[in-house]
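User: Please take me through some salt bridges and helix faces here.

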Amino acid sequence: VRLLSAIKEALASNVGTRRAEGELKTLQQRRDTLSGREAEVYSRVVAGQLNKQIAADLETSERTVKVQRARVMEKMQAKSLAELVQMASLIKLPPGKR
């Protein structure tokens with residue numbers, strides 16, 4: 001009975017691990033669709049920078065940053081900034097420049 005229980009627990013754990021690995025791979029694939037500039041904007045957004053700060057750092061307009069940020073949200077399929085930050089945490093996106 002203990003052996004059977006241990007086997008069931010191990011199988012359940014394996015399923016959970018494979019599901020998490022699949023989700024991580026999906027997030028990494030989405031991240032890989034970002035252009036270089038979108039990846040920079042993504043890193044800075046999840047690091048907490050405002051559009052105005054990102055625009056100044058990247059020497060572009062705030063409007064351009066807003067467009068790039070919207071593309072990042074779309075490509076990453078994030079519904080909110082909090083979800084985008086969580087995704088970055090899962091794929092261990094370094095803060096700041098990428």
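Analyst: Buried means under 20% relative accessible area, exposed over 50%, and partly exposed in between (1.4 Å probe, protein chains only). This is a predicted model, where local features need pLDDT of at least 70, side-chain atom pairs count only at pLDDT 80 or more, and totals for chains, interfaces and linings use all residues. Residues are numbered from 1 along each chain as its sequence is written, and side-chain values use heavy atoms, with hydrogens and water left out.

User: Is Arg37 buried, partly exposed or exposed?

Analyst: The relative accessibility of Arg37 is 31%. That value makes Arg37 partly exposed.

User: Which residue forms a salt bridge with Arg37?

Analyst: A salt bridge is a side-chain nitrogen of Lys or Arg within 4 Å of a carboxyl oxygen of Asp or Glu. For Arg37, the closest N and O atoms of the pair are 3.6 Å apart. Both partners lie in helix H2 (residues 36-46), 3 residues apart; helices (H or I, at least four residues) are DSSP runs, numbered from the N terminus. The partner is Glu40.

User: How many residues apart in sequence are the parts that Glu38 and Lys75 tie together?

Analyst: Glu38 forms a salt bridge with Lys75, with the closest N and O atoms 2.8 Å apart. Glu38 lies in helix H2 and Lys75 in helix H4 (residues 62-76), so the parts tied together are apart in sequence by 37 residues.

User: Which residues of helix H5 are buried?

Analyst: Helix H5 covers residues 81-90. On the other side of H5, Ala82, Gln86 and Ser89 are exposed. The buried ones are Leu84, Met87 and Ala88.

Conventions
Helix = DSSP H or I, 4+ residues; strand = E, 2+ residues; numbered from the N terminus.
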